[in-house]
Structures are given as structure tokens and as C-alpha cells.
Amino acid sequence: MAVKLPKLSKKVLTILIAAAAILLIIAIVSVIAALVSDTNRLRYEIITQEYIQELEAQTPTPQYECLKPYVGTYAVVDVKDTYRGGIFAKEKLTIPSEYKGKPVSSIISLQNLQKIKELEISEGIVNITNSAFYGCTFEKIDIPNSVTYIGTYAFKECRSLVTVALPQGITTLPEGLFSECRALTSVSFVNITSIGKDVFNNCTSMTLKTEGGAKYLSHNNNDYYALVAAESADVTACTINSETKIIATSVFADCTKLTTATINAGVTYLPDYMFSGCTALTSISIPNTVETIGSRAFANCTALTAVEFGSGLKEIGTYAFTGCSLLAKIDVPANVKTINNYAFSGCSNLDDVTLHVGLEKLGNYIFSSCSKLESITFSGTKAQWEGINKSTSWNRNATNLKTVVCSGDEVVEL
């Protein structure tokens, strides 16, 4: 027996037909959208000198040097509004390496992409500039070996990003690179030699080894490979492991409760701003393995009274000890070749300085505002002192510095 269906009113039929029509339109639009190539979903700019200058004018310091060798190529600057969200968006996007017959060399901005879950960068892309992917929600990104430059804060607030494999051409993790990437659990790399400040700031899912007041990123079965952060801003003591190969810029900067820092032999470089503003730090012993002290490494350590330099030291950076107002005595080891600009400026209590044969270069204003410094002791002869490459302003603003006493009691009047 046939089943008799209820009779639908004209109003209900109209609604059903309209709904079906809408669903059909959505299906058709989705198919059409899916057929749009990833290449045509993006906006591009041809890189010119004028365009680079325009970008640099938007930032306090030039950060787009990486683009200059690629004038005449294209840069990706955004996703077209039509494909940024809604039914037109895709969950996977591939950045092409060619557009209109020319290479695509750089990614300048693809910020706040909320729909894309996976991003693939084609082989041939070279540069990922500052804040390029800020606020994106992709969980996975494929970065090819052709990429050799990644700018500061490039992945900041990519809060769904879980893992990243950096290509072998990347040697630096720049400032704030993964800051606020709260789902990030691991970063693998090949040739990293330097790390900026706050690279893993607030990466709450990252597994970092915490020991001796410091946090370390492991690499090649070395749990202490990279010192990336202080245990906390309130740390009172730190010990840097002898297996540490890289130390992040500003790693203990402004840790105002830090009173004791132990640097074990094996560490070769103290980076810029390492202990800057550590106003409770009273002394530091630098091991023989350290070759370079970076810019402002101990700037404004106002309680610092004693520094013991290791014999392997070769260079003291600009402003390295500026503002260390209680530091009274320094004996710079014989292996030091260069003391850079303002290295001991503002050390208002400094009155005992010894320099040695082997020193090759003195920068500008090294002892500026060192009001108690009247004389320098030099271990070599007067002729050897005069053979040092000294900037014309090396002793400028050292108002009471009048003499250099050389071996054999030879005196150089300044």
C-alpha cells in the first residue's frame, strides 16, 4: 500500500527550495574557490630600492637589508581579502617560488591568518622578514632549505604552532622569534650559533631543562646546548654549565636580585646585555675559555666591585662595563687585542688600570667619566704603547687621566 506523504504548504516549500538553492550556491562557490590556485590567493610587491626604503621608514632601525640582493624579484605581502576567511579560505596554503615569470624571494607579511592550519613554503624562498607570520593560527609550517634569513618576531603569537624544523641555512634565532607560541613543544635546528633575547618568551609548552638558575634548550644530545632564559626574573644565583655552546642575548638582563654568577670553563662568548642591569651582582670571574665579552654585557652592574678576566680573552665589547660605578680595578689580560668604544665609561670609582703588550686597538671614549683614573699602567715599552692603534678620542672625557706608565718607568704624557 502506498504511503501518503503529508502535503506541504507553499511557505514551507518556498523555504526548502530557498535553502536548497543556498546550499547549491555554497557548493558551487566552494568548488570555484577550491580551483583558485594558491598563487592567486596572495598579494605581491616587486622589490625595488624605493620599496625597501619605504619598509625601513616604518621601523626605528633598518631591518630589511636581507631584501637588497633580491631587487627585481617578488615578495609576498598578504593574502587577498577574499581568501582570508569564510568559505573562500583554505586550511592549507602553499607559498609559491614564482609569480608572473619572476622568482618570489621573500615573505614580508602574512599576519593574522586565522583559517590556515598548514603552511608550506616552496623551495626558492630566501627571506622571512620581521613579524611575517605574527598572530597566525597554523599548526604546522614547512620551511625549505633555501630560507637563509628569518627576522625578529617572525612567529610571535602563533599560538597553535606545535613544532618547527629550521633549515640548515639559519644560523641565528632572532629576538622574540617564537614569543607567545604557547603550543610550541619543540624546535629543531642544524647550525644555530647565536640566539636573541626573548626567543621563547612565554612558550609555556616548551620543554626546557632548568638548572642552576637557568633554562636550556637541548641539541645533539646536549641538554645544556643553548642557555635561552633565566629561571625567573627573581633569580638570585646562576651557574652556567660547561657544556653550554650558545647563550641568548640579554639572558640575565635586569635580574636585579642576582648576586652570584658562576661561568664554568667551556663557555667561549658572553653575549650582548648578558648581565646588564644586574644591580646586585658584586663580582664575576670569567674563565680562560671566554674569548669575547659582548656589548653592554655588564652595563650598569652598579654593585660590581671585582672582575677577574680569563687569559683567553681577546675582545671587550662596546659599553661592556659602562656604569659599573663601584668597579675600582681592572687588569686586562695580555691576549686582549681590542677594547671597543666606551668599554669602561662611567666607572666613576675606577682608579687602577693595567694594560699589556699584545693590545692592538683602543676604541673611542673607553674611560669616559672615569673621574678617579689618573694613570694607566702598561706592561710594555713606550714604543710598544705608541704602536697601538688608538682612536683619536680613546681617552676623551677622562678628565684626570694624564699619564701612561710603561715598563722601565717610561712615562707617556697624555
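In which loop does Y273 lie? Y273 sits between β20 (269-270) and β21 (283-285).

This is a predicted model, in which local features need pLDDT of at least 70 and side-chain atom pairs count only at pLDDT 80 or more, while totals for chains, interfaces and linings use all residues. Residues are numbered from 1 along each chain as its sequence is written, and side-chain values use heavy atoms, with hydrogens and water left out.

**Overall make-up**

The protein has 3 helices and 32 strands. Both are DSSP runs numbered from the N terminus: helices are H or I with at least four residues, strands E with at least two. Of the 414 residues, 44% are buried. Buried means under 20% relative accessible area, exposed over 50%, and partly exposed in between, with a 1.4 Å probe and protein chains only. The protein exposes about 19,400 Å², an area from the Shrake-Rupley method with a 1.4 Å probe. Carbon and sulfur atoms supply 50% of that area. Among contacts with a separation of 6 or more, 37% join residues 24 or more positions apart. A contact means heavy atoms within 4.5 Å.

Most residues other than glycine have a negative phi. Y273 has a positive phi of about 60° and is not a glycine. E157 also has a positive phi, near 60°. The loop of E157 runs between β9 (149-150) and β10 (163-165).

| Residue | Relative accessibility | Class |
|---|---|---|
| E157 | 25% | partly exposed |
| Y273 | 34% | partly exposed |

**The sheet of 3 strands**

Three strands form an open sheet, ordered β3-β6-β8, with parallel pairing. Two strands pair if DSSP finds at least two bridges between them. The edges are β3 (92-95) and β8 (140-142), each pairing on one side only. Neighbouring strands are turned by 10° against each other on average, direction ignored. Such angles run from 0 to 180 degrees between N-to-C directions, with axes fitted to C-alpha atoms, for helices over the stretch in contact. Strand β6 (residues 118-121) and β8 share 3 bridges in the parallel sense. Here E120 stands opposite D142 in β8.

**The sheet of 5 strands**

Another open sheet has 5 strands in the order β25-β27-β29-β31-β32, with mixed pairing. β25 (329-331) and β32 (411-413) each have a single partner strand, so one side of each is left without a neighbour in the sheet. Neighbouring strands of this sheet are turned by 20° on average, direction ignored. β25 runs parallel to β27 (residues 352-355), joined by 3 bridges. D331 stands opposite T354 in β27.
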